[in-house]
Amino acid sequence: MTDLLQRGREYFSSQFGAAPGGLWSAPGRVNLIGEHTDYNDGFAFPLAIEKRTLVAASVRADRRLRVASSSFPGVVEVSLDGLDPDALHGWAAYPLGVAWAMSEAARESGGPVDGLAGMDLALSSDVPAGAGLSSSAAVECAVALALNELWGLGLGRQQLARIGRLAENRVVGAPTGIMDQSASLLGEPDHGILLDCQSLQTESIALGFAGAGLGLLVIDTRTSHSHADGGYASRRRSCEEGARAMGVGSLRALGPADLPRAAALLDTQTFRRVRHVISENQRVLDTVATLRTRGPAAIGPFLNASHVSMRDDFEISTAELDLAVSSAQVLGAVGARMTGGGFGGAAIALVRDSDARRVAEGVAQAFDRAGFAAPRIFPVTASEGARRES
Ligand code: ADP
Ligand code: MG
């Protein structure tokens, strides 16, 4: 972490020629369980991880916004006057989209939008992009926290989560739900965030992994995914169609008892999409209940069933993700599933500490035998959400 702070400070100075006024950071996340449920008003259970994105920021005397990222060349510069959500493209759409969404929030709350100061922002990150660890939310939440403080807006963390989502939906054009931003803003060490995406209520739930001698491995298949196009949007449409045909506002209104009616009413593909969401919501609740009553070593079957549902019903897995999961299971993981939006990205495996190394090596060997590119395998620990660093 000190390393990231140091890099962030130096990078800001190299881009803007002065020391930053402050440093803020926000973590990536893994979703323990509850996939493609957030935009269906359902339940998700993510945790913030120790990999973080840092924003170094300084207030300017004018109304210019300048953003730089150590992951991309060049400085992008716009004016706060006439910040146009339709004119922001590429990586800069994430931080500048947040600036736009925050200025809209300030306007709605009757604040002095014309009084908001310009800003220099420099991003540095440990969160690999496009690996299913939500590097996008880490950027959004770090920037949202910094701007909230530097602009003196006093918005709460749940509002900041909504601002991050608005930036991603409206400015970037990715129709994602509220899960990633909630995890990044509300995470706590050794806790997962149970998120009710309908009420937007959250509850911090003790995981107890370390205490039980367990750890979470991420298996990043290094195959790419893109939420902004194709599969994600089409799955989302299927869910909307399913809800409409079933006469409900969202799939959250349905439970396991509605499956026979859904099977009779929906075409087979839409039915399978709907069945994933209904069963996944139940698995989230079962996972949380099991953590409380029997402890983390007992949640494996829910993780495994979640993967089967995503593979067979929602059809968002890939050969690499399936191999990551099946090889981890064969090697003795307590449970494993793909995580994130799908079509590539990462899987997670809950493993006994004593097995972690063997599982990691065995999965890598299985990838090698299958002729797949070497996966990136690393442990993650439930960590603190977005914070000011200095
Ligand atoms: P994920 O959130 O799963 O990592 P996304 O496709 O949602 O994948 O977001 C990745 C995109 O977020 C990147 O292509 C880039 O545009 C933006 N992004 C992520 N990290 C950074 C960063 N450190 N600096 C600038 N942009 C970033
Ligand atoms: Mg993302």
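**The ligand shell**

The model is a predicted one. In it, 17 residues stand around ligand 1. Those that come nearest are Ser 69, Gly 130, Ser 134, Ser 135 and Ser 136.

What kinds of residue make up this shell? Nine are polar, seven are nonpolar and one is charged.

Which parts of the chain supply them? Strand 5, residues 119-125, gives at least two residues of the shell. Helix 3, residues 135-150, also gives at least two. The largest share comes from helix 3, with three residues.

| Side chain | Ligand 1 atom | Distance |
|---|---|---|
| Ser 69 | nitrogen | 2.6 Å |
| Ser 135 | oxygen | 2.6 Å |
| Ser 136 | oxygen | 2.9 Å |

How much of ligand 1 does the protein cover? On its own, ligand 1 has 560 Å² of accessible area, and the protein covers 87% of it.

**Helix 2 and helix 3**

Helix 3, which supplies three residues to the shell, also packs with helix 2, residues 93-108. Their axes are 9 Å apart. The angle between these helices is about 45 degrees. Angles under 35 degrees would count as roughly parallel, and those from 65 to 115 as roughly perpendicular. Helix 2 and helix 3 are therefore oblique to each other. Is their crossing left-handed or right-handed? The crossing of helix 2 and helix 3 is right-handed.

Note on methods: Residues numbered from 1 in each chain as written. Chains lettered and ligands numbered in written order. Predicted model: local features only at pLDDT ≥ 70, side-chain atom pairs only at ≥ 80, totals over all residues. Heavy atoms only, no water. Near = heavy atom within 4 Å. Polar contact = N/O pair within 3.5 Å; in protein donor to acceptor, adjacent residues only side chain to side chain. Areas by Shrake-Rupley, 256 points an atom, 1.4 Å probe, with all protein chains shown as cover. Helix = DSSP H or I, 4+ residues; strand = E, 2+ residues; numbered from the N terminus. Nonpolar A, V, L, I, M, F, W, Y, C, P; charged D, E, K, R; others polar. Axes fitted to C-alpha atoms, helices over the stretch in contact; angles between N-to-C directions. Parallel < 35°, antiparallel > 145°, perpendicular 65-115°, else oblique. Left-handed = near helix turned anticlockwise from the far one by under 90°.
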